[in-house]
Amino acid sequence: MLRIIIDVLIVVGAFFALAGTIGVMKMPDTFSRMQASTCITTMGVIGVCLGALLYAIFIMGSPSTAVKVGVIAALVLTTNPVGAHAIAKGAYQAGIRPEKRMETDDYRRDFDE
Amino acid sequence: MQKTRFPAVVSTFIVSYAFWILLTWSFSAQELAAGAVVSFLVALFSARFFIHERSFWLFNPLRLLIALFYWLGVFMVELFKANWDMAKRCFGGCKKVNPGIVKVPVDLKSDYAQAALANSITLTPGTITMDIAEEDGQTYYYIHWIDVQKPSGKEAGDAIKGTLEKWLRRVWE
């Protein structure tokens, strides 16, 4: 029973990672691709780490592994948005624009010429 | 750049020592002593980046409980809904996108709360915070939104932030 729960959690994580990967391949412009990649680092990491956490506690019986898995999840979730934010802003300021016009673009209105 | 203050060093030391214990997870005297020395050095050099305002806001148990409830409860629900929406978009051939950058007013004052809200928004699939600007005492976020439903302003802010802002205000203000 426990094994089934663990497997389901890992499969859910892999499912969202697959969705994010398809998004990275097929989205039309740079910023939308970045949006899709967030799927991988949130639900993908949470699902797999939750599964690994349960596995470490109940099947391996090793608290040190469980704590490390928790720390990995927490660190990925706190450091990822800083990088995503920096990449998005840097890409925009380096002059990368989507081919199709954006619906609204207040950033250009306030900061560009 | 701030000067290093002693209370800030103490609270940074406690946080880094807790991280050391979590990472090693062994309680022999040698490990603990080495961890104390390393954490003190780290705290000495990084306290001025880590602590900006009150030094011991982190150790108020009520705030910690609310923060824990926010990250594990409120935020996880929002995260799952946004992820599901994004997964449907990706498997549907990536045709239903309507991207744009909106400007949203934010009422939080504390640095920590603003950073936490910006990170929460970035972590949710579908929205990325690109910049923070201040005009006439009002803070604005520039947010890239994959499916723009409303023009810039308060309504777009309610659609993006949901209840997150209310909870972060309870934690930090």
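## The largest pocket

In this predicted model, the largest pocket holds about 2000 Å³ of space. Its lining is made up of 47 residues, and those closest to the centre of the pocket are A74(A) and T78(A) from one chain, together with F19(B), L58(B) and W71(B) from the other. Several elements give two or more residues to this lining: in chain A they are α2 (30-60) and α3 (63-93), while in chain B they are α1 (6-24), α2 (29-50), α3 (61-91), α4 (111-123) and α6 (164-172). The largest share, 11 residues, comes from α3(A).

Within chain B, domain 1 (6-58) and domain 2 (60-172) each give at least three residues to the lining of the largest pocket. When the lining residues of this pocket are sorted by class, 37 are nonpolar, 8 are polar and 2 are charged.

## The second largest pocket

The second largest pocket has about 430 Å³ of space. Of the 19 residues that line the second largest pocket, the ones nearest its centre are A82(B), T124(B), P125(B), W145(B) and A159(B). Two or more residues of this lining come from each of α3 and α5 (154-161) of chain B, and α3(B) gives the most, with 6 residues.

By class, the lining of the second largest pocket consists of 9 nonpolar, 5 polar and 5 charged residues.

## How such spaces are found

Empty space left between atoms shows up when a probe the size of a water molecule is rolled over them.

Technical notes. Residues numbered from 1 in each chain as written. Chains lettered and ligands numbered in written order. Predicted model: local features only at pLDDT ≥ 70, side-chain atom pairs only at ≥ 80, totals over all residues. Heavy atoms only, no water. 1 Å grid on protein atoms, 1.4 Å probe; cavity = no way out; pocket = protein on both sides within 12 Å on 5 of 7 lines; lining within 4 Å. Points joined across faces, edges and corners; volume = space filled by probe spheres on them. Helix = DSSP H or I, 4+ residues; strand = E, 2+ residues; numbered from the N terminus. Nonpolar A, V, L, I, M, F, W, Y, C, P; charged D, E, K, R; others polar. Domains from an automatic or database assignment.
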